[in-house]
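Colleague: Hi! Could you walk me through this one? I'm still new to reading structures.

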Amino acid sequence: MEQKALIIIGSPGSGKGTQANLLSEKFGLYHLRSSRIVGRIIEKAEPGSFIEVEGKKYYFEEQKQLSESGKLWDPPFLTYFIEEKTRQLHKQGEGIVFDGAVRTMYEGERVIPLLKQLYGADNIKVIYLEITEDEAIFRNSHRRECELARHPVLYSQETVKLTKCQLDGSKLIERKDDSPEVIKVRLKEFKDRTMPLLKLFEKQGLIVDKINGSPSPANVFKSILKALGEK
Ligand SMILES: [Zn+2]
C-alpha cells in the first residue's frame with residue numbers, strides 16, 4: 001500500500017495536535033510533532049552547540065529563546081530536522097502526519113518537493129483547520145497538558161476540574177507558550193508566516209481542504225475523514 005503524508009495547518013489552538021493524533025491512530029501514521037522532535041534536541045543540547053545549514057550557524061540556545069517568546073524556529077534550523085526525520089520514516093515504510101511542521105515558505109519550498117519525491121504528489125494532503133482569532137486565544141489560554149507526556153487536555157465542563165492526567169496520573173500544567181503575551185506573538189507568526197503557504201501549496205499543485213475547526217474534536221475529525229474520502 002502506498003503511504004500517505006498528511007499536513008495539518010492551523011493557528012495556535014486550532015486542534016492540530018488532537019487531529020494529528022486521531023489521524024495517526026486511524027491510519028497508522030507516524031505523528032511528527034515538530035515541538036517534540038526539535039524540542040527534545042534543544043533540551044539535550046550542550047551550551048554553545050549549533051548546527052550549520054547553508055553556511056550559517058544556528059545555535060540551539062537562540063532557537064530555544066525564539067520558541068519561548070512565541071516565534072517560530074528559524075526555518076533552515078527546523079527544516080534540517082524535518083527533512084532528516086522524513087527521510088528516515090520513509091525508509092522505514094511509514095506514512096506521516098505532520099503537526100506543527102511546514103509552517104513557513106522556506107520549509108514549504110523544501111519539504112513539499114521532498115515529500116513529492118518520496119511519497120508521490122497524490123499521496124500528500126493538506127488540511128487547514130480554521131478557527132477565529134478569539135477562539136484561538138480562548139483555547140490557548142484555557143488548555144493544559146500533563147507534565148509527564150505532554151498529553152493535551154482541552155478545556156470543557158468535564159475537564160475543568162481535573163488536576164491529573166487521566167492516562168498516566170501526572171500533574172496537569174499550563175504550557176509555557178500559552179501566556180497571553182506569547183499567544184499574541186504566536187498568532188501573529190501564524191498570520192504573517194504560515195498563511196502565505198496556502199497559496200504556495202496551490203502553486204505546488206496540492207489540494208488544501210479547509211475544515212471548520214470550531215466543532216468538537218470528534219466532529220472535526222469526521223469532516224477531515226470526509227475530505228480525505230474516508231469513512
Ligand atoms: Zn499524560
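Predicted model: local features only at pLDDT ≥ 70, side-chain atom pairs only at ≥ 80, totals over all residues.

Colleague: Nice. Which residues of H4 and H5 make the contact?
Modeller: From H4, they include Pro75, Pro76, Leu78 and Ile82, and from H5 they include Tyr106, Val111, Leu114 and Leu118. Glu83 of H4 and Arg110 of H5 are also among them.

Colleague: And by class, what does the contact of H4 with H5 have?
Modeller: Ten nonpolar residues, three polar and three charged.

Colleague: Switching to strands: in which sense do E3 and E4 pair?
Modeller: Antiparallel, over four bridges; E3 spans residues 50–53 and E4 spans residues 56–59. As one example, Glu52 stands opposite Lys57 in E4.

Colleague: What about the hairpin of E3 and E4: how many residues sit between the strands?
Modeller: Two, and Glu54 in that hairpin takes a positive phi near 50°.

Colleague: Last topic! What is the order of the open sheet of three strands?
Modeller: The order is E8-E7-E9, and the pairing is antiparallel. Strands E8 (152–153) and E9 (172–173) are the edge strands, each pairing on one side only.

Colleague: Over how many bridges do E7 and E8 pair?
Modeller: Two, with E7 made of residues 144–146. Arg144 has Val153 in E8 as its bridge partner.

Conventions: Residues numbered from 1 in each chain as written. Pairing = 2+ DSSP bridges. Contact = placed C-beta atoms within 7 Å. Nonpolar A, V, L, I, M, F, W, Y, C, P; charged D, E, K, R; others polar.
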